[in-house]
Amino acid sequence: MNAPSRHLVPLKPAPFADRACPKCGQPNPRVLDVAFPGIHILGEYQCSSCGYRFYHDLPIGFAVDYDLAIGVDDGVLHNPKQVRDWVHGPLMQGFRAPSDAEVRIERRVLRSCKRVLLLNTLDFLYGHVLLKLWNAQHYLDEHPDLGLVLLLPRSFEWLVPPGVAEVWLVDQKLGQAHGWYRSIDRQVKSFLTDFDEVWLGRGYAHPDKSGIDIERYTGVKPFEIERFDSEPPHITIVLREDRLWYRTSLHKEKHRIMRRLGLKRMADAYFKWDQQRMALRAFRLVREAIPACTASVVGLGDPSPMPTGVEDLRTSAMNPETERLWCRAYARSQIVVGVHGSNMLLPTALAGGCIEILPNDRLGNLAQDVAHRRRDAMLLFLYRFLDEFAGPAHVARHAISMLHDFELFHRNNIVNPPQHERR
Ligand SMILES: [Zn+2]
């Protein structure tokens with residue numbers, strides 16, 4: 001089958017077979033089967049020359065670049081691309097000890113189709129699932145003749161965009177998504193028998209985030225950037241409790257040592273409290289300069305008493321109502337502030353801009369967590385990345401400048417000069 005686009009991978013009637021035998025290099029192997037153990041989708045092939053049987057990742061998700069092969073009979077990992085162990089470790093572990101745990105998949109047929117496009121969003125990390133899911137928009141818009149089928153963890157059901165043909169909801173905690181689940185394989189294969197033609201969406205782990213129409217996923221209209229200056233000033237602070245904002249490198253080191261000494265509970269409580277203190281100090285400084293400014297605090301954790309002008313929306317019990325409540329807070333924010341991580345994806349997709357604390361060991365992951373909404377000069381103005389140990393005054397300076405200087409920067413760069421056509 002000739003793919004109608006390079007972003008699709010053929011599955012049915014003829015699965016993708018552009019692979020070579022990992023043992024002798026012979027191309028065009030015979031396709032024996034396709035396996036759906038969870039995060040990965042693998043072709044099962046047999047070499048037409050030496051007869052070697054092997055699984056090889058189909059090029060979807062992280063396997064677009066990081067594909068691996070495994071010998072079916074000898075269990076040997078073939079990793080010529082030197083894919084890192086965070087990819088092959090869990091896969092090999094799952095392959096060696098497949099799980100017979102029954103993972104329930106609820107199949108919801110919203111629109112009956114015979115020709116479909118399956119997007120597998122399963123992953124063990126929240127941000128990875130979300131990023132894979134954000135590929136849905138491309139497939140809905142570019143391939144309206146194919147029914148889009150989402151293979152999705154149930155906790156993401158609230159983000160299913162309109163127009164999807166089927167949703168296959170997987171009842172599994174993300175942390176358990178690693179592994180080779182025979183029950184997922186069996187159920188997906190039985191669902192697939194209903195279709196005449198199936199393509200796989202590549203489901204890139206890094207989709208073009210600037211074009212994401214977040215309202216289609218969340219039902220919440222994002223902050224209108226053109227109204228940055230005229231809307232009441234509001235900031236949302238995302239406080240993550242599992243990756244903290246530290247005052248200094250010494251504080252970070254102290255926390256690490258205290259945990260090692262068995263003082264985890266006390267240390268966690270202290271440094272969470274200190275993080276909140278820094279966030280509120282930054283907000284107080286902004287409010288001194290811009291008295292009308294208000295703030296929301298979100299994050300997984302317990303709410304605590306807040307100063308005037310701040311609402312605390314933190315909770316440990318997430319549900320779709322809370323998700324949307326947080327989304328509405330982002331969507332009325334000129335700026336979201338937070339530490340780098342997948343916790344910044346939805347906030348940045350909905351807010352006007354961001355100030356992100358970027359830990360030194362995450363420099364290589366720069367902006368992977370930021371759904372920047374501009375491709376023009378405003379991108380430089382609206383998305384700020386600060387040092388790991390930037391203090392409250394530093395954060396506040398940026399926030400105040402963004403709120404004060406938006407009009408001038410926008411006029412100079414966007415309103416006045418003619419904009420070149422983008423390629
Ligand atoms: Zn061979």
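Trainee: Which strands does helix H4 lie across?

Mentor: This is a predicted model, so read what follows as computed. Helix H4, residues 182–192, lies across S1, S7, S10 and S11. Its direction is at about 20° to that of S7.

Trainee: In what order do the strands of the open sheet stand?

Mentor: First the general idea. Strands of a sheet pair through backbone hydrogen bonds, either parallel or antiparallel. Here the open sheet has six strands in the order S1-S11-S8-S9-S10-S7, and the pairing is mixed.

Trainee: Which are the edge strands?

Mentor: An edge strand pairs on one side only; in this sheet that applies to S1 and to S7, residues 105–109. Neighbouring strands are turned against each other by 25° on average, direction ignored.

Trainee: In which sense do S8 and S11 pair, parallel or antiparallel?

Mentor: S8 (residues 115–120) and S11 (residues 197–201) pair in the parallel sense, over four bridges. Within this pair, arginine 115 stands opposite glutamate 197 in S11.

Trainee: Into which domains is the chain divided?

Mentor: Domain 1 covers 8–96, domain 2 covers 108–214 and domain 3 covers 217–415. The C-alpha centres of domains 1 and 2 lie 21 Å apart. Their contact takes 21 residues from domain 1 and 27 residues from domain 2.

Trainee: Which elements each supply at least two residues of the side of domain 1 that touches domain 2?

Mentor: Strand S1 (8–12) and helix H1 (85–96) do. S1 gives the most, with five residues. By class, this side of domain 1 has 17 nonpolar, three polar and one charged residues.

How values were computed: Residues numbered from 1 in each chain as written. Predicted model: local features only at pLDDT ≥ 70, side-chain atom pairs only at ≥ 80, totals over all residues. Domains from an automatic or database assignment. Contact = placed C-beta atoms within 7 Å. Nonpolar A, V, L, I, M, F, W, Y, C, P; charged D, E, K, R; others polar. Pairing = 2+ DSSP bridges. Axes fitted to C-alpha atoms, helices over the stretch in contact; angles between N-to-C directions.
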